[in-house]
Every structure is written in structure tokens, then in C-alpha cells.
Amino acid sequence: MGGKPRLLWSELHMSITSNPCWLSPCKVMAGGGFDFLWKQVHDEGRKKIEETGEQWLMDDQMEMHMERQTDAQTGAQTGGPEQAGIRREERRRRRRLAAEVILILLFTFGIVINESDFLGQDHTTVVQYLEVYSTFPLLLAYIVPFCLVMKYLCSKYEMHRLDLLIAGFCGAFIPAALAGNLNDAFADMMSHLMGHLYSDAWIGSAGTGILEELLKLGTTGLLLYVLGRRSLKDYLGIGMCVGIGFQIEEDLSYITESGFENTEKAFPTALDRVSASFGSHWAYAAVTAAGLYLIARGSGKHHRRKGYGLILLVMVDHFLYDTPLSNSLFINGLLTVAVVLPVLLFFQKPGDEAC
């Protein structure tokens with residue numbers, strides 16, 4: 001494009017210099033016209049070259065501008081995901097900090113309102129306290145085997161013992177502390193609404209099964225989020241420890257409540273709680289934790305439906321266990337197997353498979 005004016009000038013110069021016959025008539029006929037023509041062609045060619053040079057300069061500047069824009073966009077695209085990742089991590093840290101604060105507040109609140117469960121009336125004597133509290137060691141009949149099992153599971157599945165210890169204390173002082181007040185509030189509300197149709201053995205048991213399992217499940221989920229655990233075995237282990245903490249606190253409250261009314265009831269109540277411990281809250285919380293795993297970590301609607309089904313299974317099992325139906329040894333055994341067997345099967349699954 002820039003070489004075209006030079007080509008015309010060269011052709012003209014060669015044709016003039018190589019053909020003097022043509023040059024002579026021009027001088028004769030036009031006198032100084034050739035000089036004018038020469039100057040005009042020269043100026044036109046130089047003007048064309050200057051315009052072409054300016055166009056090249058503009059093209060170069062435009063190309064450089066486009067390259068800078070492309071580099072800027074590429075840099076933004078390169079830095080964009082990194083910045084988005086930093087922002088996501090910052091939001092994640094803030095959410096985890098908020099969850100930790102909530103967990104600590106709930107734990108503290110549970111300790112405060114739970115204190116009354118271990119105290120008798122103002123007129124309770126020291127002897128009565130000793131008689132009631134002396135039955136507490138009977139609970140070691142299921143606490144010690146549970147601890148041994150958890151120690152084995154920690155070694156086999158590389159679970160963190162401190163996490164499980166924290167889960168046990170949280171289960172004792174968060175859901176267990178709130179459950180009593182909420183159960184009483186639910187019973188009062190339904191009794192007021194239903195009048196003489198209300199039955200604590202059935203309606204109250206249904207409310208207890210739903211409320212207690214939701215409280216334990218919420219505590220388990222909060223702990224899993226704060227601790228950052230994601231494997232199925234961690235879900236099961238933390239759920240089991242939340243459940244055993246709940247179970248221990250509930251058993252102690254049953255013993256003290258009955259024992260401070262009549263010290264002779266403390267020992268039978270303790271034996272009754274030990275005999276019912278095999279398929280109790282530790283198994284309930286473990287199965288609901290597995291259901292939570294399927295809902296939160298599973299893929300597809302099939303896993304979510306199965307997770308909701310496991311949670312519903314536990315609520316129904318808990319409800320039926322609290323009704324008069326559980327007085328039958330056969331039904332009691334079926335209800336126990338229905339929650340213990342899934343826990344055993346989940347631990348037999350390889351890796352994080354939960355189907």
C-alpha cells in the first residue's frame with residue numbers, strides 16, 4: 001500500500017529520461033510546463049506517501065491500543081477467579097465464625113438452664129442427694145462400651161477424638177437442655193387446643209419424637225459445619241456422640257427427677273434407663289446424621305429422598321418407642337433393630353458410599 005506512489009514516480013521518471021523525443025516537444029510546446037508537471041507529480045507522490053505513513057501510524061496505534069485492551073481483559077480474566085475465590089473464602093470464614101458464636105452461645109445457655117435438672121427442692125437433704133447421685137455410676141454400663149467402640153472407630157476410620165468429645169458435650173448441653181422446655185411447651189399448647197382429646201402418650205410422644213430429633217440433628221449439622229467435616233464416617237461419628245451426650249443428660253435428669261420425689265425410685269429408674277440404652281438416642285442421631293449426609297453431600301433427588309426418609313424413620317421410631325406399643329418386647333425389639341441396623345450398615349460401606 002505504501003509502495004504504490006513510489007512505483008508511479010519511478011515509471012514516470014524512467015519514461016521521461018528514456019524518451020528524450022517526448023521530452024523535447026514538451027519543452028517546445030509547453031516551455032516550462034514540464035517543470036510544473038514534474039513538481040506536481042512529485043508533490044502528489046510525497047503527499048500520498050505522507051498520507052500512507054499517517055495511516056500506518058494510526059493503524060499501529062490502533063493495534064497497540066487493541067493489544068493493551070486485550071492484555072487488560074486477559075489480566076482481569078486471570079485475576080477474576082482468584083479474586084472471586086478470595087471473596088468466597090472470606091464469606092466462608094465469616095459464616096463459620098458466626099456458626100461458632102452461635103454454638104458457644106447455645107452451649108452456655110444450655111449450661112445455665114440445665115443446672116436445675118441436677119438439684120432437688122430446697123428441703124432436699126444431703127443424704128437424699130447422696131442416695132440419688134450414687135445411682136449415676138450405673139450409667140457407666142453403657143457409657144464405657146460406647147467409648148470403647150468409638151475408640152475403635154476412631155482408629156479404623158481416622159476420626160478426630162476431640163471432635164467426638166466436643167460433640168458429646170454439645171449433645172448434653174444444647175439439644176438436651178432445650179428439649180425439656182420445648183416438650184413442655186408443646187404439651188401445654190396441644191392440651192389447650194385439644195382439651196380432653198389430648199393424650200400425652202400419643203400426641204405428646206409425637207411432639208417429643210419430632211422436636212428432639214430436630215434439635216439433635218440441628219446440633220450435629222452445626223458441629224459438622226464448624227469443624228469442617230464432610231465424610232460419611234464423620235457424620236455418623238459426630239451424630240452418635242451428640243446422641244450419647246443427649247442420652248446421658250436425659251438419663252441423669254430422669255434419675256434425679258424421680259429420685260428427689262422418692263429416693264427409692266432412683267435405682268429402678270437408673271436400671272430402666274440402662275436397659276433402654278442400646279437402641280436409644282445415639283442410634284437415632286447417627287441415622288439422622290446419615291440422612292443429613294445424603295441430603296447435603298449426595299447427588300440427585302434419589303439421595304435426597306433417601307435422606308429425608310431416614311430422618312422420618314427415626315422420628316416415627318422415636319414416637320412409637322414412647323407410646324404404649326413399646327411395652328411389647330417384640331415391638332420394642334423391632335424398633336431397636338430398625339435404628340441400630342442402618343448404623344452398622346453405614347459403617348460397612350466403603351469410603352463415603354451411603355446408598
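How much accessible surface does the chain have, and what share of that surface belongs to carbon and sulfur atoms? Here are my notes, starting with that one.

1. The accessible surface comes to about 21200 Å², and 64% of it belongs to carbon and sulfur atoms. Areas here come from the Shrake-Rupley method with a 1.4 Å probe, and for residues only the protein chains shown count as cover.

2. Some ground rules: this is a predicted model, where local features need pLDDT of at least 70 and side-chain atom pairs count only at pLDDT 80 or more, while totals for chains, interfaces and linings use all residues. Residues are numbered from 1 along each chain as its sequence is written, and side-chain values use heavy atoms, with hydrogens and water left out.

3. On to the fold: you'll find 13 helices and zero strands. Helices (H or I, at least four residues) and strands (E, at least two) are DSSP runs, numbered from the N terminus.

4. Of the chain's 355 residues, 35% are buried (under 20% relative accessible area; exposed is over 50%, partly exposed in between, with a 1.4 Å probe and protein chains only). Take contacts (heavy atoms within 4.5 Å) between residues at least 6 apart in sequence: 77% of them join residues at least 24 apart.

5. Now look inside. The largest nonpolar core has 50 residues, and M150, M240 and W282 have the most contacts within it. Such a core is a set of buried Ala, Val, Leu, Ile, Met, Phe, Trp, Tyr and Cys residues joined through side-chain atoms within 4.5 Å. Helix α9 (residues 232-261) gives the most to this core, with eleven residues. Beyond neighbours within four places in sequence, W282 contacts several residues, including F146, M240, I244 and V343.

6. For C241, the nearest cysteine sulfur is that of C154, 7.3 Å away. C241 is buried, at 5% relative accessible area.

7. Finally, T288 lies in helix α11 (residues 281-297) and is buried, with a relative accessible area of 1%. Its side chain reaches the backbone oxygen of A285 at 3.0 Å. Not counting residues up to four places away in sequence, T288 touches E213, L217, I311 and V314.

Technical notes
Disulfide = S-S within 2.5 Å. Polar contact = N/O pair within 3.5 Å; in protein donor to acceptor, adjacent residues only side chain to side chain.
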